[in-house]
Amino acid sequence: MDRQSSQPTLQTIAVVGLGTMGTGIAEVLARAGREVIGIDISEAAAHRAATALAAATARSVARERLTEQERADVLARFRTFTDLGAAAEADLVIEVVPESYEIKQQVFRELDAIVRPDTILATGTNALSVTRLAAESLRPERVVGLHFFTPVPAMKLVEIVSCVLTAPPAVEAVTELARALGKEPVAVGDRPGFVADGLLFGYLNQAAAMYEARYASREDIDAAMRLGCGLPMGPLALLDLIGVDTARTVLEAMYTSSGDRLHAPAPILGQLSEAGLTGQKSGRGFYTYEAPGSSVIVRDLQTPLDGSLVGAGRPVASVGVAGSGTMASGIAQVFAQAGYSVVLAARSQEKAEAAKAAIGKSLGRAVSKGRLTEEGAAQTLDRIAPAGSLDAFAEVDLAVEAVAEDLAVKQELFATLDKVCKPGAVLATTTSSLPVIAIARVTSRPQDVIGMHFFNPAPAMKLVEVVRTVLTADDVHATVREICVKVRKHPVDCGDRAGFIVNALLFPYLNNAIKMVEEHYADIDRIDAAMKLGGGYPMGPFELLDVVGLDVSLAIEKVLHKEFRDPGLAPSPLLEHLVAAGCLGRKTGRGFREYAARR
């Protein structure tokens, strides 16, 4: 049989470059029964890779996932060398050397003279052009991109990158290999960042810029995205894991291709890279680590002091919640469960009673799941007094509005609160995108007004963005921080600008995902799979857009674009068209996907 025309069996695989990524790939291959030739010009790197595999397999034996014999077999399948000549008999060579055309091209030139004619050459690049690398090879039809994600043993996604020069059998062979390794292969075209990193690095860059502007602390930015979006890591910690220098290289390549200012590397990435502060591998990046290569964060001069708030907050015994929707009911439940007396005010007594009934059902579900006792549920419900008018807020210490996301509606409500609430009461808005100062200025006491942005569903979500304006009093800020802790929420501080932390980072990422579909680069299923499997996101961007609501998403995008005036933040035309057509997501039965009609 002609091996050149058939789909080869990839049994012997060389991995060139034994850093974190190369070591991870070698481990996965050896565990899957492949013969692995590990190559690195550094004997120390080769030794570290062998030591890492020995340690990882020892942990597997201790956890009874491998037998001693199986471990010995895995270790026997991994051999290390410092000379590329060791790749001579490989069926596949995967290079994961530094992100530099010069270095990668040199590796490919040398491999062209070493490996068999039918050997497939795979680049592990996540930023450079596979087409350019293939074009300068003697075997362009056998060059593919094989982009793993770190940590390789844990992450399921592998992006299979083909270009106009790649022969289908090579793509088929590496795709089958990825499946044999227990990975999920996603076929993508050749452009910087591909799908997952193309979306991920823009988001990481925005987070770095947010930190550089001193808009929020590194801890608050990371906590906001973990707790507000369910991400496994915050963006700045993730930059440290990836490598600040690597992120800068990827973004440079993306910016060269797209010209989008959102991809222009934040200056701090260059400053840290030039200083050698490249993240975990150097022991310091955005955070400081116990030692180079350690993931253990240690305190440094930027670490916030415990209890660092100056002065005490105002006493709060009773809380008023204005609104009758899901968010208002959820917030009222949160305060009542924490022991506060709650007045739940709606536009009518009937709506307020219905909102309290909804809370009763929510508490009932918590009881049925064993999260709450029947007695606890009953006591919580007893603390909530429904009211058909804001006049019932006359004696509350904290008033929280959770009405429609409409500036005129909120301003009218706050004007009423200003008249009704007692002097010294804290007035909080749960807006997710509107300027808090514009709400505060309709009152005679803007110093008492603050943003308190809960996330939906409020009883489950731990995050609260605490938004102080230039007029918010220090003790009002302290009050809300203290209350968040008492109701078991995690407060993060941010200034009064569009999107605060979470939406300012989340919605440009969602908008960029839509642009990928508009440009016919990838379909929604591939993009969703890539972000869940490669980024650890709990939902893909299109799943999330349909849940949030396309109309809500468009409104937030418009607010961000209006505030920051960045062309890259302009809402995608496809999003605007879907909203105009009434396709708003799950709530209408159709958004980016179609859903079964609700009964």
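Author: Let's start with a cut-off: a residue is called buried when its relative accessible area is under 20%. Keep in mind that this is a predicted model.

Reader: Okay, so why is Tyr 211 called buried?

Author: Its relative accessibility is 14%, and the cut-off is under 20%, so Tyr 211 counts as buried.

Reader: And what makes Phe 286 buried or exposed?

Author: Phe 286 has a relative accessible area of 2%.

Reader: Why is the pair of Tyr 211 and Phe 286 called edge-to-face?

Author: Two numbers matter here. The ring centres are 5.6 Å apart, and rings pair if their centres lie within 6.5 Å. The planes stand at 75°, and over 60 degrees counts as edge-to-face, so that is the label for Tyr 211 and Phe 286. It is one of five aromatic pairs in the structure.

Reader: What does that pair tie together?

Author: Tyr 211 belongs to helix α7 (residues 196-212), while Phe 286 is in the loop between α11 (267-274) and β9 (288-289), so parts 75 residues apart in sequence are tied together.

Reader: What makes you say that the charged end of Arg 132 sits over a ring?

Author: The ring is that of Tyr 101, and the charged end of Arg 132 is 3.6 Å from its centre. The distance limit is within 6 Å, and the charge must also be within 35 degrees of the ring normal. Arg 132 is listed as sitting over the ring. Arg 497 does likewise with Tyr 215, at 4.0 Å from the ring centre.

Reader: Which strands make up the open sheet, and in what order?

Author: There are eight, ordered β13-β12-β11-β14-β15-β16-β17-β18, and the pairing is mixed.

Reader: Why are β13 and β18 called edge strands?

Author: Strands β13 (384-387) and β18 (490-495) each pair on one side only. Across this sheet, neighbouring strands are turned by 25° against each other on average, direction ignored.

Reader: How do you know that β11 and β12 pair?

Author: Pairing needs at least two bridges, and strand β11 (residues 318-322) has five with strand β12 (residues 341-345), in the parallel sense. Ser 318, for instance, stands opposite Ser 341 in β12. Helix α12 (residues 326-337) packs on the sheet, touching β11, β12, β13, β14 (398-401) and β16 (449-454), and its direction makes about 170° with that of β11.

Reader: What lies across β17 and β18?

Author: Helix α8 (residues 218-229) does, running at about 125° to β18. Ala 224 is in helix α8. With a relative accessible area of 0% against the under 20% limit, Ala 224 is buried. Its contacts include Leu 463 and Val 492.

Reader: Why is strand β6 called largely enclosed?

Author: Six of the six residues of β6 (residues 143-148) are buried, so the rest of the structure largely encloses it. Val 143, Gly 145 and His 147 point one way, while Val 144, Leu 146 and Phe 148 point the other. As a rule, side chains alternate between the two faces of the sheet in a regular strand.

Reader: What makes the neighbours of β6 parallel or antiparallel partners?

Author: Strand β5 (residues 120-123) pairs with β6 in the parallel sense over three bridges. Strand β7 (residues 157-161) pairs with β6 in the antiparallel sense over four bridges. His 147 stands opposite Glu 159 in β7.

Terms used: Residues numbered from 1 in each chain as written. Predicted model: local features only at pLDDT ≥ 70, side-chain atom pairs only at ≥ 80, totals over all residues. Heavy atoms only, no water. Helix = DSSP H or I, 4+ residues; strand = E, 2+ residues; numbered from the N terminus. Axes fitted to C-alpha atoms, helices over the stretch in contact; angles between N-to-C directions. Contact = heavy atoms within 4.5 Å. Phe/Tyr/Trp six-rings, centres within 6.5 Å; stacked < 30°, edge-to-face > 60°. Buried < 20%, exposed > 50% of the residue type's maximum accessible area, 1.4 Å probe, protein only. Lists of a residue's contacts leave out its neighbours within four places in sequence.
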